[in-house]
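Please look at the sequence and the structure before reading on.

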Amino acid sequence: MSSRPAPFDELDRKIVTALMANARTSFAEIGASVGLSATAVKRRVDRLRETGVITGFTATVRPSALGWRTEAYVEVYCEGAAPPRRLAEVVRNHPEIAAAMTVTGGADALLHVRARDVEHFEEVLERIRQEPFIRKTISVMVLSHLLPDSPEAGVTQPAPDDAPDMR
């Protein structure tokens, strides 16, 4: 048995594209559009999951329906060289952080933050700033999404019940 992963071919690409457009599409529907049986599509999807090409299936929801009405991107500047592993530990402690990544440029990291309202966002920002290695942050509030159907415009988890309500 070969240790090399199976190649990612054009049929795999079409299957992944169909699932990205609608993860609830049946294997039979996908098969009909790509010229395979439902069983063959299932085998390919199983392989794509096993090899880590497909990492999961989620529902994308309008943020305000789940209590998120404020959104911002926060540049994080660290004292010295904060290792990405340490930054990852910090962001996992904040359920309001929808995404986080290390970046090039002046900032060390970029956080995508969702909050119930501006007051909640301010409270989240203060919690982030309490980390001893964070020197400063620069925030940019999102006014509207120019691509409303993009994954960034939706959410996969509700606003936390235990976050302080500062209304």
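In this chain, residues 24 or more positions apart account for 71% of the contacts with a separation of 6 or more, where contact means heavy atoms within 4.5 Å. The model is predicted, so local features need pLDDT of at least 70 and side-chain atom pairs count only at pLDDT 80 or more, while totals for chains, interfaces and linings use all residues. Residues are numbered from 1 along each chain as its sequence is written, and side-chain values use heavy atoms, with hydrogens and water left out.

**The chain as a whole**

- The chain has 5 helices and 4 strands; helices (H or I, at least four residues) and strands (E, at least two) are DSSP runs, numbered from the N terminus.
- Along the sequence these elements follow the pattern α-α-α-β-α-β-β-α-β.
- Of the 167 residues, 35% count as buried; buried means under 20% relative accessible area, exposed over 50%, and partly exposed in between (1.4 Å probe, protein chains only).

**Helix α4**

- Helix α4 covers residues 84–92, and its residues L87, V90 and V91 are buried.
- Because these three cover an arc of only 95° around the axis, they sit on the same side of α4; the arc is that of the directions from the helix axis to the C-beta atoms.
- An α-helix has 3.6 residues a turn, so residues three or four places apart point the same way.
- R85 and R92 are exposed, on the face of α4 turned away from its buried side.

**Empty space**

- Rolling a probe the size of a water molecule over the atoms shows where empty space is left.
- The whole structure holds 1 cavity of 30 Å³ or more. On a 1 Å grid over the protein atoms alone, a cavity is a set of points where a 1.4 Å probe fits but cannot get out, and a pocket is an open set with protein on both sides within 12 Å along at least five of seven lines; lining residues have an atom within 4 Å of a point.
- The largest cavity contains about 50 Å³ of space. Grid points are joined across faces, edges and corners, and a volume is the space filled by probe spheres set on the points.
- Helix α4 supplies the largest share of the lining of this cavity, 3 residues; the lining includes L87, V90 and V91.
- The lining of the largest cavity divides into 8 nonpolar residues, 1 polar and no charged. Ala, Val, Leu, Ile, Met, Phe, Trp, Tyr, Cys and Pro count as nonpolar, Asp, Glu, Lys and Arg as charged, and the others, Gly among them, as polar.
- The largest pocket has a volume of about 630 Å³.
- Of the 21 residues that line the largest pocket, L19, M20, A23, T58 and T60 are the closest to its centre.
- The lining of the largest pocket has 12 nonpolar, 7 polar and 2 charged residues.

**Two residues in the loop between α3 and β1**

- V53 lies in this loop and counts as partly exposed, at 42% relative accessibility.
- Leaving aside neighbours within four places in sequence, V53 is in contact with F8, V16 and L48.
- P63 is also in the loop between α3 and β1, and P63 is buried, with a relative accessible area of 12%.
- The C-alpha atoms of P63 and R114 are separated by 8.5 Å, although the two are 51 residues apart along the chain.
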